[in-house]
Amino acid sequence: MTEGNRLTRRDFLKLGGAGVAGASLLGLYGCGGGGSSGMQIDWASWANSGEATRFREYTDQFMQDHPELQVTFTPTPTYDDYHPKILTQLNGGTAPDVFYAGDIWVAQFIKNGTIKPLNDLMTGPDSAAKPGEFADGLWGPAKTDDGTIYGVAVDCNPTLLWFNKKVLQGAGINDDPTELYENGEWKWDVLQQMAEKVAAQGDTNGLMFENGNNWFWSWCRQNGGSPYDGDTCVANEDAKSVEAFQWMTDNVKSGAFTYAGNLPTGQTSDAQFNSNRAAFVQAGRWVLPVFKQNTSLEYDVVPFPTNTGNKMEPGWVATAYMVMNKKTESEKNAFEFLTNFTSAAGQEFRLETGGNAVPSVTEGADEVVTQGDDLEGDKYFLEIRGTGLVGYSELEVPGLVENMQDVFEKRLWLKSGDGDVQATLEETAAMANKGIKENRT
Amino acid sequence: MSSAVRAPGKLSKKTKSDIAWGYFFILPQLIGVLVFVLFPLVYVLVLSTLEWDGLGERTFVGLSNYVTEFNNPDFRLSLKNTFYYTLLTVPTSVVLALVVALALNKLRFKGFYRVIFFAPYVTSLVAAGVVWIWVYNPDFGLINTYLNLWFGIKGPQWLLDPNWVMPSIAIFSVWWGLGFNVVIFLAGLQGIPAVFREAAQIDGANKWQTFRHVTLPLLSPTTFFVLIISIIGSFQVFDQAFIMTLDGGPGNSAYTMVYYLRELAFVDFVFGRSAAVAVILFSLILAFTLLQFRMQRRWVHYG
């Protein structure tokens, strides 16, 4: 056999070298095991381009303050894509040391034991933000019944009604919702009348009505209702909640509220509001950066109107959590990043220019909300943060909220629905209680 | 002794070495196919018999995931929507593409027209979908505006009306995919030797008879290919529904099988049930493709 047909020693060594290099590469991947080496911290979140820039700036600042640590930030542009990616990384042992987690996902990570309890660290000497510094209502699914904390609210978004002054004036409405609120006159019937008047114009919408359990439960609370009793959904039995759903249904059917739950990308509620085609939208502060860019828009915020004797009832506060990978190589350094990120100083740094969220700590960073003259109703964000809720036990069950919303949409919000409020609430409450029970077992 | 007359089973050292080298060189590709195609394929089958939330323990549950899905109204809706979409898009796109290809085949500058018709296909489906969301806007979209302007008709609510969501997505898909089918048909038409048509015309056949009895039969392998590809594509429809509707459209009216199995996996975390839907989809596509291969003997002529 000629030399050209066989593997020479030189060839073998070359290939052997490649093999070793390949094996080393595989080894590098394999040794990940979760998190990174001690002095390297990896963290991840979902973030739009503006948020990602701000988070990178924060990461750089943190490294300047902690020169011994190397921090890498990996953003994912969309919320929907982010969690499957983290899930894959957790399965493959390559998840970041600390990472954002949406409310439903926190419950899953707790259930599967993939994230660390944080109580000892948060109350310890290295903590930059003690548990008591955060607004009480924000722990949601990140704190279990026995008080164990698994995630820290990175910031929050108390929700309010945003009203479009031009659209209201266009419909001949000169009453200012903020003044009405301050005078204790901001009630359901007032909102309904305004929405009806705007909708009657033909080319404008009264209130853009979203399909979301958290919005529905918020409306129930504005009526003095309690849709949940502990871990049990009682919206079907609670007379005030049933009444609230009837009110919502009637307004959607009459056209005073425009159902916005199926509007496609680019034509959603905030787009309608932004183009002066809607008088009211339900939203947190996340819409502010977009509205601010529109110089032809005149707007402000007001709490949801109540149907009780009180001026304000508990609203919905949206939030996300930062959690720590159980397999992190250095708990100490990972926590150093987490606690600084969620501290008052960290939140102030992140939020002072974007202004699209509200600090989750009750003291030390509120200026990012109240400074400037963007909104007269800034203070309401802080008030709702103090009284509002993240949500109920349904958040712990994957897919449950979506399935309940599907039923609400089919039966109550779409024109083709039967509009039977009591029967719909019976169905969704049964669905919720079954899901919560099964998830616990 | 030359290798050509060597007794079977007895290979020379050189041949064995060549074979070994052959395997060595295809090894990277082989590993790729094994790891990224065959293993996931087999694993989906295994996963469909398990209960797994993506992180915790995996429990064997036999065929109960399949039973659950067959009894699930959302699954039945996704199945119905997928068939509906197939019914709307496949015949329309095949017939339309054939008509356009026949017309283009006669024209000068057919290369130019081919590019025009192919342009949507090379456009990102996502980008085109976003544009079509605006085309379908009930208040100021292109379609309803001109329906009103030219015919005085108040157009439907398109993507906001549960009854119109699938037709809307189907119309968009036909527009987007037409160019691909046209190009394939054009290639098929140009592959038919002119001598057959000339012979038919000499025998006194008119244009329709030439088309019906010469062009169409000789084009049948191309038609068969287009049909197979279109049906497989229509069963796998996802992007359009995902981009053009929010959460599966009003009343989940845009739920297709792939959309639904994604929801099961990444919203509900029931990976076993999601895998079961994937296996059902795979079986359906396989069955339809095999059926077509069986039927082709009756109408496909390979000359």
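**Figure 1. Surroundings of B:Gly155 in the predicted model.** In this predicted model, B:Gly155 counts as partly exposed because 18 C-beta neighbours fall inside 10 Å, whereas a buried residue would need 20 or more. B:Gly155 sits in the loop that links α6 (142-151) and α7 (165-190) of chain B. When neighbours within four places in sequence are left aside, the contacts of B:Gly155 are B:Pro138, B:Ile143, B:Asn144, B:Leu147 and B:Asn148. B:Gly22 is 133 residues away from B:Gly155 along the chain, and a distance of 63 Å separates the two C-alpha atoms.

**Figure 2. Chain B as a whole.** The secondary structure of chain B consists of 12 helices and two strands. Their order along the sequence is α-β-β-α-α-α-α-α-α-α-α-α-α-α. Chain B is more spread out than a compact globule, because its radius of gyration of 25 Å is well over the 19 Å that the globule rule gives for 303 residues. Taken along the principal axes, a box of roughly 85 × 70 × 35 Å holds the C-alpha atoms of chain B. Buried residues account for 30% of the 303 residues of this chain. Of the contacts in chain B between residues at least 6 apart in sequence, 69% are between residues at least 24 apart.

**Figure 3. The two domains of chain B and their contact.** Domain 1 (12-60) and domain 2 (66-299) make up the division of chain B. A distance of 33 Å separates the C-alpha centres of domain 1 of chain B and domain 2 of chain B. Nine residues from domain 1 of chain B and seven residues from domain 2 of chain B take part in the contact. On the domain 1 side, two or more residues each come from α1 (13-47) and β1 (50-51) of chain B. The most, three residues, is given by α1(B). By class, the domain 1 side that touches domain 2 of chain B holds five nonpolar, two polar and two charged residues.

**Figure 4. Contact between chain A and chain B.** Chain A contributes 24 residues to this contact, and chain B contributes 24 residues. On the side of chain A that touches chain B, the elements giving two or more residues are α3 (79-92) and α17 (400-413) of chain A. The residues on that side of chain A comprise eight nonpolar, 11 polar and five charged.

**Figure 5. Chain A as a whole.** Chain A has 18 helices and 12 strands. The C-alpha trace of chain A extends over about 95 × 50 × 45 Å along its principal axes. Of the 441 residues in chain A, 48% are buried. Among contacts in chain A that link residues at least 6 apart in sequence, 76% are between residues at least 24 apart.

**Figure 6. Strand β5 of chain A and its pairing partners.** Strand β5 (residues 160-164) of chain A is largely enclosed by the rest of the structure, because five of its five residues are buried. Strand β10 (residues 278-283) of chain A runs antiparallel to β5(A), and four bridges join the two. In this pairing, A:Ala283 of β10(A) stands opposite A:Leu160. Four bridges also connect β5(A) with strand β11 (residues 299-302) of chain A, again in the antiparallel sense. A:Asp300 in β11(A) is the bridge partner of A:Phe163.

**Figure 7. Nonpolar cores.** The largest nonpolar core has 123 residues, and the members that touch the most others are A:Val106, A:Trp162, A:Ala195, A:Ala279, A:Phe280, A:Tyr321 and A:Val323. Strand β12 (residues 317-324) of chain A supplies the largest share of this core, with seven residues. The core lies between two domains of chain A, because domain 1 (40-156 + 318-387) and domain 2 (160-226 + 238-315) both give residues to it. A second, separate core has 40 residues, including B:Ala170, B:Met244, B:Tyr260 and B:Ala275.

**Figure 8. Contacts of A:Tyr321.** A:Tyr321 is one of the residues that touch the most other members of the largest nonpolar core. Apart from neighbours within four places in sequence, A:Tyr321 is in contact with A:Ala101, A:Val106, A:Ala142, A:Gly151, A:Val152, A:Ala153 and A:Val154. Of these contacts, A:Val106 is also listed among the core residues that touch the most other members.

Conventions: Residues are numbered from 1 along each chain as its sequence is written. Chains are lettered from A and ligands numbered from 1 in the order in which they are written. This is a predicted model: local features need pLDDT of at least 70, side-chain atom pairs count only at pLDDT 80 or more; totals for chains, interfaces and linings use all residues. Ala, Val, Leu, Ile, Met, Phe, Trp, Tyr, Cys and Pro count as nonpolar, Asp, Glu, Lys and Arg as charged, and the others, Gly among them, as polar. The radius of gyration is taken over C-alpha atoms; the globule rule is 2.2 Å times the number of residues to the power 0.38. A residue is buried if 20 or more other C-beta atoms lie within 10 Å of its own, exposed if 12 or fewer, and partly exposed in between; C-beta atoms are placed from the backbone. A nonpolar core is a set of buried Ala, Val, Leu, Ile, Met, Phe, Trp, Tyr and Cys residues joined through C-beta atoms within 7 Å. Domain bounds come from an automatic or database domain assignment. Two strands pair if DSSP finds at least two bridges between them.
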